[in-house]
Amino acid sequence: MMLPEPGIYYFPWEVSGGQVPDGGSLRTFGRLGLYDMAQSRVTLMAQHGSDQHHILVCTKLVEPFQAQVGSLYIVLGELEHQKDGGAMVKARVLTCVEGMNLPLLEQAIREQRMYQQERDSSR
């Protein structure tokens, strides 16, 4: 059996901005704004500059889970583009990481990208 891809880190504003390929494995983060138990979906929110970004996450594969509204979460899953033009992450893992240093995570993602670019360009 093939294991799914580990999931590339994307910033929430890249996910909501359509910069992730359809079906691509991804990791992203945001604050849990809304949990719709009947629809098995949560909305993660993230602030970037003056903009508020929203990411829809399907939670069917990770239920039941303890939704803590306002807490920081990391999601690992696959992106599916919807008929209405939006996108939804089908979560394989949804973890509460409240208390994690968000600026440090963002810096780590940028550093990882720089390292990958350097490594790929040296080949």
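Is Cys96 buried, partly exposed or exposed, and what is its relative accessible area? Let's work through that and two more.

**Ground rules.** This is a predicted model, where local features need pLDDT of at least 70, side-chain atom pairs count only at pLDDT 80 or more, and totals for chains, interfaces and linings use all residues. Residues are numbered from 1 along each chain as its sequence is written, and side-chain values use heavy atoms, leaving out hydrogens and water.

**Exercise 1: classify both cysteines and look for a disulfide between them.**
- Step 1: grab the classes: buried is under 20% relative accessible area, exposed is over 50%, and partly exposed is in between (1.4 Å probe, protein chains only).
- Step 2: Cys96 has 30%, so it's partly exposed.
- Step 3: Cys58 comes in at 8%, so it's buried.
- Step 4: a disulfide needs two cysteine sulfur atoms within 2.5 Å. Searching the whole structure turns up zero. For Cys58, the nearest cysteine sulfur is that of Cys96, 19 Å away, which is too far for a bond.

**Exercise 2: work out how S6 pairs.**
- Step 1: pairing takes at least two DSSP bridges between two strands.
- Step 2: S4 and S6 (residues 87–96) run parallel, joined by three bridges; Leu56 partners Met88.
- Step 3: S5 (residues 72–81) pairs antiparallel with S6 over nine bridges, and Gly77 partners Ala91.

Definitions and conventions: Helices (H or I, at least four residues) and strands (E, at least two) are DSSP runs, numbered from the N terminus.
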